[in-house]
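Subject: A structure for you to look at

Hi there,

Here is the structure I promised to pass on.

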Amino acid sequence: MTTPTQSSAADARDHHPPSAEEIRGSSIGELMRQVTSDLSTLMRQEVELAKAEIRQEGKKAGKAAGLFGGAGFGAYMVALFLSLALWGGLSNVMDAGWAGLIVAVIWAAIAALLYTMGRRNAERIRGLKQTNDSVQRIPDALKPHPEGVTR
C-alpha cells in the first residue's frame with residue numbers, strides 16, 4: 001500500500017514546475033488556477049494521509065483491545081475465585097463481614113494502582129505523528145501572515 005506522500009512524489013515527477021517564461025506568459029487568473037489546484041491537491045493528500053494513519057493505528061488499537069479484553073476476563077475470573085477463597089479463609093478466624101471488608105479494601109488498593117498506571121499509559125498515546133509532521137512542512141507562503149498585509 002502506498003501512502004499519499006509516496007504517490008505525491010510520483011505526481012511531482014510528472015508535474016514539472018513552470019518555468020519563468022511560462023509564468024511570464026500566464027495571466028493572473030491562470031496562475032491563481034494553478035495555485036488553487038496545487039493547494040487543493042495538497043489538502044487532499046494530507047486528508048488521505050490522515051485517513052491511512054488513523055486506519056493503521058486503529059487496527060493496532062482494536063487488536064490490542066480485544067486481546068486485553070480476553071486477558072481481563074480471565075484475570076477477573078481468577079481474582080473472583082481467589083477473593084472468595086480469601087474471604088472464606090479469613091471468615092474461619094474472624095466474622096465473615098470483617099473478612100469481606102478486608103478483601104474489598106485490598107481490591108480498592110489494586111484498582112487505584114491500575115487506574116494510575118492506565119492514566120500514565122494513556123498520556124503516551126502518540127496520535128497522528130506522520131500527518132502532523134507533514135502539515136508542519138507546508139510552505140510558509142501558504143500560511144496567513146496578517147502583519148505583512150498592507151492596504
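Below is what I found, from the overall picture down to one residue.

Please keep in mind that this is a predicted model. The average pLDDT of the protein is 82, and 81% of the residues score at least 70. Helix 4 comes out with the highest confidence, at 93, while helix 1 (residues 4-14) has the lowest, at a mean of 49. The pLDDT stays below 50 over residues 1-10, and that stretch has eight contacts in the model beyond near neighbours in sequence. I would read the start of the chain with that in mind.

As for the fold, the protein has five helices and zero strands, so the order of elements from the N terminus is simply α-α-α-α-α. Of the 151 residues, 11% are buried. Among contacts with a separation of 6 or more, 63% join residues 24 or more positions apart.

How do helix 3 and helix 4 (residues 96-122) cross? Their axes come within 8 Å and cross at roughly 145 degrees, and the crossing is right-handed. On the helix 3 side, the contact is made by Ala79, Ser83, Leu86, Trp87 and Leu90. Helix 4 brings Ala96, Ala99, Gly100, Ile102, Val103, Ile106 and Trp107 to meet them. By type, the residues of this contact are ten nonpolar, two polar and no charged.

One more residue is worth a look: Glu53, which sits in helix 3 (residues 28-90). Is Glu53 buried or exposed? With a relative accessible area of 1%, Glu53 counts as buried, because the cut-off for that is under 20%. Leaving aside residues up to four places away in sequence, what does Glu53 touch? Its partners are Arg126, Gly127, Leu128, Lys129, Gln130 and Thr131.

I would be glad to hear your thoughts.

Best wishes

Key
Residues are numbered from 1 along each chain as its sequence is written. This is a predicted model: local features need pLDDT of at least 70, side-chain atom pairs count only at pLDDT 80 or more; totals for chains, interfaces and linings use all residues. Side-chain values use heavy atoms; hydrogens and water are left out. Helices (H or I, at least four residues) and strands (E, at least two) are DSSP runs, numbered from the N terminus. Buried means under 20% relative accessible area, exposed over 50%, partly exposed in between (1.4 Å probe, protein chains only). Contact means heavy atoms within 4.5 Å. Axes are lines fitted to C-alpha atoms, for helices over the stretch in contact, and angles run from 0 to 180 degrees between N-to-C directions. A crossing is left-handed if the near helix is turned anticlockwise from the far one by less than a right angle, and right-handed if clockwise. Ala, Val, Leu, Ile, Met, Phe, Trp, Tyr, Cys and Pro count as nonpolar, Asp, Glu, Lys and Arg as charged, and the others, Gly among them, as polar. pLDDT is the predictor's confidence in each residue, from 0 to 100.
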